[in-house]
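Please open the model in your viewer and keep the selection panel at hand. The tour below goes from one stop to the next, saying at each what to select and what is there.

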Amino acid sequence: MAHYQTYETAWCPGCGNFSILRCLKTALEELGKDPTKVLIAAGIGQAAKTPQYISTNSFCGLHGRSLPAASAAKIANEELTVIVNTGDGDSYGEGGNHFIHTIRRNVDITHFVHDNQIYGLTKGQASPTTSEGHKTAVQTYGNRNTPLNPVLLAIASGAGFVARSFSGDPQHLTTIMKQAISYKGYALVDILQPCVSFNKINTYRYYKDRVYYLDEDHDPTDKMAAIQKSMEFDDHIPIGILYYEEKPDFHQKNPILSKGGPLYQKNCSKKDLEHLITEFI
Ligand SMILES: Cc1ncc(C[n+]2csc(CCOP(=O)(O)OP(=O)(O)O)c2C)c(N)n1
Ligand code: SF4
Ligand SMILES: [Mg+2]
């Protein structure tokens, strides 16, 4: 069985990130993924430290810029399992544009968003998912922006796997992580992750009182039903797979990549290269 090491972290005691890291380790081990063939990518933030705390390959980039790097790594080497573990700010704010266009490309990567509804690392400013009216040290009169709905946006943008889970429910989170990693194409899991230091509203209690499991009454292949469920985010918050659709991924849509194998193993004709180089001279 595959075995992964995790390392000492700089997270606050009680942070929801600990459970996400443990679930990620368990999911990769239970899927039997070889750690040398796994890449975890992230940008900047508390969540974005995850690649530094687990024994896989890692990419730590600029704030909001992990998705293009992760996509490029998967395109260059399809043998890699590529996972992005990063925050709500990194994914939906600074990286918001990449979020939408990564979905459209549908490269086979997995995106785990540690959604604590706050900018944790920079000590608690409003993020794209912070609730309206939420007072912070900067938004002293309360956040006046309408919160972004990431799961609704992902479905509307064409994502084929869209789920939500909760770091306070490790069994559920591990199961969803395994399904997301196994999905062929871009998969999003928005993970409710309490920030015990800088978000005193969306606490463990807050989420525990609201989350409920999507059951067989919900058909994740029904897009309209998924859209409706994804808009529920108040007194009741559904967790589970909101939307599921099998569709061709980036490799299958690309005539060169669809032949299989990492790019570095492909034969390249000198004639084709010369022709390309002369175009730029
Ligand atoms: C381009 C850029 N803008 C702003 C910052 C400052 N900054 C660093 S982390 C961060 C917030 C991260 O929030 P999130 O992605 O939600 O992660 P969390 O710390 O909450 O896990 C910000 C604004 C930066 N490093 N680079
Ligand atoms: S500031 Fe919040 S998100 Fe960051 S480590 Fe502490 S509890 Fe976790
Ligand atoms: Mg955050």
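Which protein donors hold the magnesium ion (ligand 3), and how far from it do they lie? Select the ion together with Asp88 (OD), Asn116 (OD1) and Ile118 (O), which are its protein donors and lie 2.1 to 2.2 Å from it; donors here are N, O and S atoms within 2.8 Å of the metal (3.2 Å for Na, K and Ca), and since water is not among the atoms, sites may look incomplete. Along the chain these donors follow the spacing D-x27-N-x1-I. Asp88 belongs to helix H3 (residues 88-93), while Ile118 sits in the loop between strand S4 (110-115) and helix H5 (150-157), so the pair ties together parts that are 30 residues apart in sequence. Helices (H or I, at least four residues) and strands (E, at least two) are DSSP runs, numbered from the N terminus. Both Asp88 and Ile118 are buried, where buried means under 20% relative accessible area, exposed over 50% and partly exposed in between (1.4 Å probe, protein chains only).

Before going on, some notes on the model. It is a predicted model, in which local features need pLDDT of at least 70 and side-chain atom pairs count only at pLDDT 80 or more, whereas totals for chains, interfaces and linings use all residues. Residues are numbered from 1 along each chain as its sequence is written, chains are lettered from A and ligands numbered from 1 in the order in which they are written, and side-chain values use heavy atoms, with hydrogens and water left out.

Next, select H5 with helix H8 (residues 223-230), which pack at an angle of about 160° with their axes 8 Å apart; axes are lines fitted to C-alpha atoms, for helices over the stretch in contact, and angles run from 0 to 180 degrees between N-to-C directions. H5 and H8 are therefore roughly antiparallel to each other, given that angles under 35 degrees count as roughly parallel, over 145 as roughly antiparallel, 65 to 115 as roughly perpendicular and the rest as oblique. Show the side chains of Val151, Leu152 and Ile155 in H5, which meet Lys223, Ala226, Ile227 and Ser230 in H8, contact meaning heavy atoms within 4.5 Å.

On the H4 side, Phe99, Ile100, Ile103 and Arg104 meet Pro150, Leu153, Ala154 and Ser157 of H5.

From H4 (residues 96-105), move on to helix H2 (residues 66-76), which packs with H4 at an angle of about 30°, the axes being 8 Å apart. H2 is thus roughly parallel to H4. Leu67, Pro68 and Ser71 of H2 make the contact with His98, Phe99 and Thr102 of H4.

Now select Leu257, which is found in the loop between helix H9 (250-253) and helix H10 (270-280). Leu257 is buried, with a relative accessible area of 6%. Leaving aside neighbours within four places in sequence, Leu257 is in contact with Ile75, Phe250, His251 and Leu263.

Not counting residues up to four places away in sequence, Asn17 touches Trp11, Gln46, Ala47, His114 and Gln193.
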